[in-house]
Amino acid sequence: MDKFVGYRCSLCAKEYLPAQVTYTCSCGGNLDVVLDYDALKKKYQPDDLLCRDETNLWRYLPLIPVSFPKIAERTPLSLAGGTPVIFLPRLAKKLGLEQLWLKDESRNPTASFKDRASAVVVARAIETGAEVVVTASTGNAGAALAGMAAAVGQKAVIFAPKTAPPAKVAQLLVFGAKVLLVDGTYDDAFDLTVKAAEEFGWYCRNTGYNPFTVEGKKTAAFEIWEFMRRELGMGGRKPTGGLVAPVNKPRLTIFVSVGDGNIIAGIHKGFKDLQALGWLDHMPCIIGVQAEGSAAIANAFKAGNETITPVSATTLADSISVDLPRDGVRAVRAARETGGTYITVSDAEILSAIAELGSQGVFAEPAGAAAYAGLAAAQAQGLLDPGAPILVVNTGSGLKDVRAAMQSVQAAPIIQPDLESIKKHL
Ligand SMILES: *Cc1c(COP(=O)(O)O)cnc(C)c1O
Ligand SMILES: [Zn+2]
């Protein structure tokens with residue numbers, strides 16, 4: 001069965017066959033991958049996925065439009081996704097919430113959510129015989145592409161702004177990618193990458209450009225769906241046809257940080273796929289969190305339209321620092337179509353969120369902690385349904401940006417090696 005039937009433009013609805021296009025629509029719009037939902041529905045029941053042995057994103061292979069490359073078996077590429085959901089009872093209490101969960105994407109092979117997209121894009125590159133993969137990145141997308149490519153011996157070229165945090169640049173280099181640091185912003189790197197890919201015939205992973213990134217990122221929604229069924233007793237029908245959850249139960253509310261808007265669009269796509277299969281009864285509410293200084297998508301959402309006006313981005317959360325978000329339209333819709341909203345947070349709120357999560361044993365980079373900062377702000381503004389279970393997505397590891405982490409805490413004192421000095425500091 002060929003489950004991948006083509007693409008549909010998210011702006012003009014024009015349809016393409018798989019071989020007709022590689023990146024975007026002739027109108028410039030991002031393409032949604034279209035699966036053969038009727039055939040999938042006939043062939044599979046939820047249990048056919050839920051009983052698979054894989055504990056990573058390849059568990060959902062029947063719903064991903066690539067084949068798993070044999071060469072990737074038992075490599076880091078085979079281990080992307082499958083991240084844990086942890087319970088945060090003390091923070092829940094502090095915020096006055098009944099249930100608070102955190103999906104920890106820092107546990108991916110290269111320590112960010114981006115591995116989901118890069119694993120699937122590298123699989124696609126292998127399928128299409130691409131010799132070189134390339135991406136623009138603020139750091140994580142590049143680290144993920146470089147890592148997944150290294151796992152299977154694929155050549156990777158990465159363009160990152162020269163201001164990218166050193167740990168991310170170190171990952172790129174250690175994974176053996178050709179790294180070019182651009183004297184400019186992420187947006188400059190993005191445009192340069194598109195030109196270079198055309199010129200040299202490289203396969204371009206750029207976020208909000210390559211349709212397969214969403215197909216990788218949507219697997220987080222599949223995992224959340226499994227979590228909803230298992231832990232929250234909601235999310236789908238029992239095989240007998242009866243509802244698993246009482247219909248009046250408050251919906252799961254998901255907080256996720258937003259830069260280009262591709263992660264939030266991917267999570268939304270995953271839930272829409274499940275809905276199209278008839279496997280999801282309770283669409284979660286998706287809330288996007290942007291940094292105040294990089295809020296082009298939140299601005300469009302608040303204006304009630306889909307017109308993305310570029311900003312001049314300034315935030316310490318480098319992973320969500322974007323002038324012109326490349327997936328803004330689908331990102332606005334992810335919140336609007338699920339009854340969610342957009343929240344903006346200051347850098348000070350992000351830093352204090354790093355410390356709050358740290359106090360629970362979770363080490364998040366600024367963009368990851370931003371989602372928790374958004375939750376705290378939403379609760380303070382009285383936006384949340386009391387009793388609704390909340391899930392915050394930590395998109396990246398604190399080890400990615402140690403300088404920002406140090407700004408969130410008091411520096412440690414340096415002491416003389418004697419007991420007197422200890423007493424002074426206790
Ligand atoms: C890329 C990234 C984001 C934002 O994802 P977008 O698709 O750009 O919205 C958030 N957090 C981290 C850690 C990231 O790497
Ligand atoms: Zn179009």
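This briefing walks through a zinc site, some aromatic rings and a surface patch. The model is predicted, so local features need pLDDT of at least 70, side-chain atom pairs count only at pLDDT 80 or more, and totals for chains, interfaces and linings use all residues. Residues are numbered from 1 along each chain as its sequence is written, chains are lettered from A and ligands numbered from 1 in the order written, and side-chain values use heavy atoms, leaving out hydrogens and water.

**Zinc site**
- Cys9, Cys12, Cys25 and Cys27 each hand an SG atom to the zinc ion (ligand 2), 2.3 Å from it; donors are N, O and S atoms within 2.8 Å of the metal (3.2 Å for Na, K and Ca).
- Along the sequence, these donor residues follow the spacing C-x2-C-x12-C-x1-C.
- The angles run from 104 to 119°, so the arrangement is tetrahedral (four donors, all angles between 85 and 135 degrees).
- Cys25 is buried at 4% relative accessibility, while Cys27, at 41%, is partly exposed (buried is under 20%, exposed over 50%, partly exposed in between, with a 1.4 Å probe and protein chains only).

**Aromatic rings**
- The whole structure has 13 aromatic pairs (ring centres within 6.5 Å; planes under 30 degrees apart are stacked, over 60 edge-to-face, the rest tilted).
- One of them is Phe4 with Phe212, edge-to-face at 5.8 Å centre to centre and 85° between the planes.
- Phe4 counts as buried at 9% relative accessibility, and so does Phe212 at 1%.
- Tyr23, Tyr186, Phe190, Tyr203 and Tyr209 make up one aromatic cluster.

**Surface**
- Met406 counts as exposed, because its relative accessibility is 52%.

Technical notes:
Four donors count as tetrahedral if all angles lie between 85 and 135 degrees; four count as square planar and six as octahedral if opposite donors are over 155 degrees apart and all others between 65 and 115; anything else is irregular. Rings of Phe, Tyr and Trp (its six-membered ring) pair if their centres lie within 6.5 Å; planes under 30 degrees apart count as stacked, over 60 as edge-to-face and the rest as tilted.
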